[in-house]
Amino acid sequence: MLNKFVSEGVSRRDLMRVAGRYGLTSTLLGGATLTGAITLPRLAEAANSTYEKRFKTPAKHTLKFGASGFNERNLLIERAGCLEFVRDLEERSDGAIRVEFIGNNAICGQLNCVKKTQQGIVDIFAASTQNTAGGAPYYNVLDYAYMFPNRASQYHFLYHPESERIFREPLRKQHKLHFLFSVCQLRGLQMGLKWKDRPDVTKIEELAGTKNRVTGTQLGRIAMTLLKLNPTPIAWEETLDGLKTGLIDGAETWSSAVAYANMSPVVSQVIDLRFFSGFEHTAMNLDVFESLGSDLQDDVMESAYFTQALIQGAHEAALVNTVGHSVPQLPNTIFVKNGTRFIPLSDEEREKAAKLCAPEHVPEPWEQWRERINGWAGGIDTYTEIHRIARELPADTLVENVEPRRWWKS
């Protein structure tokens, strides 16, 4: 799990000795503060300092955080905020809450973290909302095609006080999950190696008839079917091999997921279709949250707000400087090193795609799921409400200019 430190000169054996003495979470949090060359003495000193700070007072609550595929390396690629949340919450609560971070699929994965959280095996989890939708179907409310025009609109919605009524409260009622914070991206198609020698895809028609991996979202499958993208359920762990061998043409996911999952060597073209949401989120068991008492609940919310604002800036920077999600692509990014071309479709092409699959243009295929979701939300017209909020900002608003707001306060 500690690949970053091993790759920088600390042997795995010595590394595990440090983690065995100070704990994995203290080692991760301590190591994350180091810059420059990481040596065993420096790592041990940082882990020890972090351990002493974390354990200086007895914790009232010790929470398990299952973070699917995340480890210290890929949290620098997809800035999901997991470790920052742990550090801030422990400090903010003066040690009353201690969080043990268990990533790299060691305790749960993309498809089952939600169930293990609902069952109390873990208290907090991180996974995509689309994969989580398989076990908690209200998450589908985020996945109407072209409901969000850009990433700024996604952050705006998560900060918006109305997100409580439309999204977070129904999620608590239906699935006993308390949504905390998320990375915001929009999904496109990541084309495999059989597309390496083909020209850049510039027309939506060029993708019709291709076979593409789909996540657990039911609404995402509707959009893909309408765009003739043949949604094919394939486990995340098997997607890389499918893209390499040509078993599938592509996969619906987003840029930083490709980068952190080491899929870039088998992805030739990243088509910025933006046809529905990509949220890599963190949530917690509602009963656990409610058991904390009002003061510690306030600490959790403030740490979630801090982490959401941190993600908003850090992830946007990582998309350009680390991943290669830009035109032109910067040298030494993951995409450039692996020959992965980032292809932004024109606004006209995305508008053409929206007219083929968005509920406002093609309502009938969405009606059954839309009625079901609205029922879970107590009769709210979820698509119309979120669509409206997502367009409160000017279309050219930059993500870094979205105002952070404490969404639980009106």
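**Around Ile 124**

Apart from neighbours within four places in sequence, Ile 124 is in contact with Leu 63, Lys 64, Phe 65, Gly 66, Phe 85, Val 99, Thr 117, Thr 282, Ala 283 and Met 284, where contact means heavy atoms within 4.5 Å. The model is predicted: local features need pLDDT of at least 70 and side-chain atom pairs count only at pLDDT 80 or more, while totals for chains, interfaces and linings use all residues. Residues are numbered from 1 along each chain as its sequence is written, and side-chain values use heavy atoms, with hydrogens and water left out.

Ile 124 belongs to strand β3 (residues 124–128). Helices (H or I, at least four residues) and strands (E, at least two) are DSSP runs, numbered from the N terminus. Because its relative accessible area is 0%, Ile 124 is buried; buried means under 20%, exposed over 50%, and partly exposed in between, with a 1.4 Å probe and protein chains only. One of its contacts, Gly 66, is 58 residues away in sequence, yet the two C-alpha atoms are 6.2 Å apart.

Ser 93 sits in the loop between α5 (82–92) and β2 (97–103). With 6% relative accessibility, Ser 93 also counts as buried. A polar atom of the Ser 93 side chain lies 3.1 Å from the backbone nitrogen of Ile 97. This is a polar contact: a pair of N or O atoms within 3.5 Å, where, within protein, one must be able to donate a hydrogen and the other to accept it, and residues adjacent in sequence count only if both atoms are side-chain atoms. Beyond four places in sequence, Ser 93 is in contact with Leu 296 and Asp 299.

Next comes Gln 174, which lies in helix α9 (residues 162–175). Gln 174 is partly exposed because its relative accessibility is 35%. A polar atom of its side chain is 3.3 Å from the backbone oxygen of Trp 376. The C-alpha atoms of Gln 174 and Tyr 138 are separated by 7.3 Å, at 36 residues apart along the chain.

Now the sheet. An open sheet of 6 strands has the order β7-β6-β8-β5-β9-β11, with mixed pairing; two strands pair if DSSP finds at least two bridges between them. β7 (231–233) and β11 (341–343) each have a single partner strand, so one side of each lacks a neighbour in the sheet. Strands β5 (residues 188–191) and β8 (residues 250–253) run antiparallel and are joined by 4 bridges. Gln 190 has Ala 251 in β8 as its bridge partner.
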